[in-house]
Amino acid sequence: MDRSFATADLIDDFGDELRSCETQFRQYGAVSVFSGPVVTVRCLRDNGLVKKLLNTPGSGRVLVVDGGASLASALMGDMIAAAAVENGWSGVVINGAVRDVPALRTLALGVKALGSNPRKSAKDAAGAVDVPVTFGGAEFRPGDWLYSDEDGIVLAERDVLA
């Protein structure tokens, strides 16, 4: 199956069936176009749940992390991102910060975040998994399909490329 797409074309083809995220993320991974079913995490300045999830089989899924738009500490760095690649995750979208930016650019993973900060986060695994999260005017629900490219992020209740 051909998984190539452009989010602008998806909006043109599927219109109101899609939700568009207004947040202007920066691209950090070596993969700029990615898609997959959504898994969500809500956490603030604590990446314990992010690390735990990305160390499990990803099966082409996309982890969406709502870090409350905090840039105070990074929710993912190169080691956790490398684990995501090893475990078959398609991408990670972080409403917060990352670190180890030069290393992230070399990894075969879609990575979008608001910015970077070299400061580590807490490791208490505080937060919630598989709960709807909302930012950028879009709700990210577990099991939805996320499509991301250089134009932005769109979401659908089903795989529109199937």
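A pocket is taken here as an open set of grid points, where a 1.4 Å probe fits, with protein on both sides within 12 Å along at least five of seven lines. In this predicted model, the largest pocket has a volume of about 260 Å³. Its lining comprises 13 residues, and those nearest the pocket centre are Asn-47, Met-79, Ile-80, Arg-99 and Lys-123. By residue class, the lining consists of six charged, four nonpolar and three polar residues. Two elements, β5 (74-76) and α3 (78-86), each contribute at least two lining residues. The largest share, three residues, is supplied by α3.

The largest nonpolar core contains 25 residues, and the members that touch the most others within it are Leu-54, Leu-63, Met-76 and Val-98. Two or more residues of this core are given by each of the strands β3 (34-42), β4 (62-66), β5, β6 (91-98) and β7 (110-116), and by each of the helices α2 (48-54), α3 and α4 (101-104). The largest share of the core, four residues, comes from α2.

For Leu-54, with residues up to four places away in sequence left out of the count, the contacts are Leu-63, Met-76, Ile-80, Ala-83, Ala-84, Asn-87, Trp-89 and Val-92. Of these contacts of Leu-54, Ile-80 is also among the residues nearest the centre of the largest pocket.

How values were computed: Residues numbered from 1 in each chain as written. Predicted model: local features only at pLDDT ≥ 70, side-chain atom pairs only at ≥ 80, totals over all residues. Heavy atoms only, no water. 1 Å grid on protein atoms, 1.4 Å probe; cavity = no way out; pocket = protein on both sides within 12 Å on 5 of 7 lines; lining within 4 Å. Points joined across faces, edges and corners; volume = space filled by probe spheres on them. Nonpolar A, V, L, I, M, F, W, Y, C, P; charged D, E, K, R; others polar. Core = buried A, V, L, I, M, F, W, Y, C linked by side-chain atoms within 4.5 Å. Buried < 20%, exposed > 50% of the residue type's maximum accessible area, 1.4 Å probe, protein only. Contact = heavy atoms within 4.5 Å.
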